[in-house]
Amino acid sequence: MFASKEGQAVPQVTFPTRKGDAWVNVTTEELFKDRTVIVFSLPGAFTPTCSSSHLPRYNELFSVFKEHGVDEILCVSVNDTFVMNAWKADQEAENITFIPDGNGEFTDGMGMLVDKNDIGFGKRSWRYSMLVKNGVVEKMFIEPNEPGDPFKVSDADTMMNYVAPEYKTQESITVFTKPGCPFCMKAKQNLIDHGLQYEEVILGKDATTVSLRAISGRTTVPQVFIGGKHIGGSEELEAYLG
């Protein structure tokens with residue numbers, strides 16, 4: 001079993017990071033002093049669960065966390081700074097600060113450094129998340145000590161339930177659009193007016209009409225999907241939202 005560090009200070013570590021063409025040392029004091037910070041740590045950049053679920057959801061919910069007093073969200077992995085920078089660019093995760101714990105010092109200090117030699121990873125971080133206030137761990141969610149790479153409690157929604165238990169998670173919304181479409185603008189504005197966040201998929205850039213037809217049975221835009229349900233165009237969205 002992994003021991004929780006709740007009530008304890010985070011390890012004092014200096015992270016060598018690369019910003020542009022310069023090396024910049026970042027300390028844990030800079031990251032945590034007088035601040036409220038969420039940390040989620042994972043086995044490796046570019047790995048499946050980390051890229052498809054763990055990271056994207058924290059990035060998506062950043063604005064909500066910020067509304068509830070969180071200053072920053074850190075993603076920590078035992079990878080070098082070049083790998084972490086490339087992963088951030090690939091994921092387009094602009095709301096997350098990527099921390100390269102290349103030597104595993106921070107992870108080891110948290111008691112989360114594990115041996116993954118069986119899959120050729122060497123020493124890596126066990127998956128966990130924590131809420132840190134002024135350098136002290138207030139709450140920690142550690143994945144169960146099970147074979148493989150469990151992902152049950154360190155997710156963004158579990159952390160959100162702790163930080164803001166009254167918050168009701170919004171259903172995911174996707175809007176298929178194309179440039180210059182006035183009905184698309186109307187649909188997007190309607191969502192904004194209702195305080196709803198959405199992801200925009202632009203035809204010709206992010207997808208094709210073939211994909212749109214396969215998903216919705218239509219080729220016109222906009223096409224709006226909410227919580228896995230096909231709502232339709234701008235007028236149908238207006239009726240749905242009331």
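Predicted model: local features only at pLDDT ≥ 70, side-chain atom pairs only at ≥ 80, totals over all residues.
When the lining of the largest pocket is sorted by class, nine residues are nonpolar, eight are polar and eight are charged.

With regard to secondary structure, helix α2 and the strands β10 (173-177) and β11 (199-202) each contribute at least two residues to the lining of the largest pocket, and the largest share, amounting to five residues, is supplied by α2. At the level of domains, at least three lining residues are drawn from domain 1 (8-163), and at least three likewise from domain 2 (173-241).

Helix α2, which spans residues 48-60, also holds C50, the position at which an unreviewed UniProt entry places the feature "active site"; this annotation may be inferred rather than shown by experiment. In the model, the relative accessible area of C50 is 0%, and the residue is therefore classed as buried, the cut-off for that class being under 20%. Leaving aside residues up to four places away in sequence, C50 is in contact with L42, P43 and G44, with L55 and P56, and with W87 and R127.

Terms used. Residues numbered from 1 in each chain as written. Heavy atoms only, no water. Helix = DSSP H or I, 4+ residues; strand = E, 2+ residues; numbered from the N terminus. Buried < 20%, exposed > 50% of the residue type's maximum accessible area, 1.4 Å probe, protein only. Contact = heavy atoms within 4.5 Å. Nonpolar A, V, L, I, M, F, W, Y, C, P; charged D, E, K, R; others polar. Domains from an automatic or database assignment.
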